Amino acid sequence: MTTFRIFAAILLGSWLGTLSGCATTTTGGAVGADRSQLMLVSSEQLEGMAAQGYAKLKSDAARQGALNTDPAMLQRVRAVASRIEPQTAVFRRDAPGWQWEVNVLTSDELNAFCMPGGKIMFYSGLINQLRLTDDEIAIVMGHEIAHALREHSREHLSQAIAAQTAIGVGAALLGLGEGSAGLANAGYEALIATRFSRADESEADRIGLELAARAGYNPRAGVTLWQKMIAANKGGQPPLFLSSHPADATRVQEIESLLPTVMPLYQAANRPR
């Protein structure tokens with residue numbers, strides 16, 4: 001490697017280092033889920049995009065007669081949400097003031113999500129096919145809300161922007177061709193993106209358990225929930241939810257390890273009547 005390329009590599013590494021020194025989006029809570037995050041786009045930008053996407057999803061579902069068709073299920077889900085939403089202040093003081101919205105989509109898919117800014121959608125198949133209790137619904141909801149609190153979507157977008165910029169700059173500085181840059185990009189996707197995805201899931205499990213416990217839902221339901229997920233994953237096509245939320249025995253063990261921390265919060269909380 002020439003002296004210029006050595007210098008260029010050092011310069012690129014220094015530039016990447018400056019990007020990583022960012023603030024966390026949440027406080028740690030009892031479970032200690034906090035770390036520095038790279039954020040290159042604003043919350044407002046992503047929340048605006050999420051609101052538009054959520055509105056379209058609702059509009060399409062309503063046109064197909066699939067939005068909120070089961071009043072009892074809708075009431076169950078919204079009741080759980082109404083207890084969890086105030087607890088988000090433990091991790092973010094601004095979160096209780098989000099424009100929260102909760103709806104249920106009639107579908108056989110096992111799926112649920114919370115978009116940036118508090119836009120929640122549950123699919124009826126997740127509740128019906130897994131026969132979820134209210135405690136288990138709370139675990140799912142807490143987990144999905146945790147993704148929004150930690151702004152994982154915003155973080156992933158920022159990582160993609162930084163990676164593409166670094167790859168382009170690095171390829172130019174180091175004299176790499178497009179093929180080498182493409183290889184570097186593939187390496188990033190295979191290694192860095194996957195690693196962060198696993199970290200995101202762990203954070204969401206931790207924060208979600210605490211949110212559910214503080215809202216008065218039994219965090220032990222985290223174990224039974226993921227045991228049901230593992231069983232669902234064994235039959236044929238894996239559920240949509242599990243494509244982005246992998247379920248395995250290690251995950252159950254990690255949740256069990258958190259129970260001594262979150263059970264006292266549950267025991268001190270007001271329980272749903």
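Because the model is predicted, local features are reported at pLDDT of at least 70 and side-chain atom pairs at pLDDT 80 or more, whereas totals for chains, interfaces and linings use all residues. Residues are numbered from 1 along each chain as its sequence is written, and side-chain values use heavy atoms, with hydrogens and water left out.

The secondary structure of the protein chain comprises ten helices and three strands, where helices (H or I, at least four residues) and strands (E, at least two) are DSSP runs numbered from the N terminus. Read from the N terminus, the elements follow the order α-α-α-β-β-β-α-α-α-α-α-α-α. Of the 273 residues in the protein chain, 45% are buried; here, buried means under 20% relative accessible area, exposed over 50%, and partly exposed in between, with a 1.4 Å probe and protein chains only. The protein chain exposes about 13400 Å², of which carbon and sulfur atoms supply 56%, the accessible areas coming from the Shrake-Rupley method with a 1.4 Å probe and, for residues, with only the protein chains shown counting as cover. Among contacts (heavy atoms within 4.5 Å) in the protein chain between residues at least 6 apart in sequence, 71% join residues at least 24 apart.

The three strands form an open sheet of mixed pairing in the order β1-β3-β2, two strands being taken as paired if DSSP finds at least two bridges between them. The edge strands, each of which pairs on one side only, are β1 (101-105) and β2 (112-115). On average, and with direction ignored, neighbouring strands of this sheet are turned by 15° against each other; axes are lines fitted to C-alpha atoms, for helices over the stretch in contact, and angles run from 0 to 180 degrees between N-to-C directions. Strand β2 runs antiparallel to β3 (residues 119-123), to which four bridges join it, and F113 stands opposite M121 in β3.

Two of the helices lie across strands of this sheet. Helix α3 (residues 71-84) lies across β1 and β3 and runs at about 150° to β1, whereas helix α5 (residues 134-149) lies across β2 and β3 and runs at about 35° to β2. The 16 residues of α5 reach 22 Å from the first C-alpha to the last, close to the 22 Å expected at 1.5 Å a residue, the expected span of a helix being 1.5 Å times one less than its number of residues. Helix α5 is mostly covered, with 14 of its 16 residues buried, and is followed by E151, whose phi is positive, near 55°. The 13 residues of helix α8 (residues 221-233) should likewise span 18 Å at 1.5 Å a residue, which agrees with the 18 Å between its end C-alpha atoms. Within α8, the buried residues are A221, G222, V223, L225, W226 and M229.

The structure holds eleven salt bridges, each defined as a side-chain nitrogen of Lys or Arg within 4 Å of a carboxyl oxygen of Asp or Glu. One of them is formed by the side chains of D134 and R76, at 2.7 Å from N to O; D134 lies in helix α5 and R76 in helix α3, so the pair ties together parts that are 58 residues apart in sequence. Both partners are partly exposed, D134 with a relative accessible area of 35% and R76 with one of 30%. A salt bridge also joins K228 and E136, whose closest N and O atoms are 2.8 Å apart, and this pair links distant parts of the chain, K228 in helix α8 and E136 in helix α5, 92 residues apart. Here K228 counts as partly exposed at 25% relative accessibility, whereas E136 is buried, with a relative accessible area of 3%.

In the salt bridge between R251 and E201, the closest N and O atoms are 2.7 Å apart. Because R251 lies in helix α10 and E201 in helix α7 (residues 178-214), the pair ties together parts that are 50 residues apart in sequence. R251 counts as buried at 5% relative accessibility, and E201 is buried as well, with a relative accessible area of 8%.

A268 and A215 are 53 residues apart in sequence, and their C-alpha atoms are 9.9 Å apart in space.
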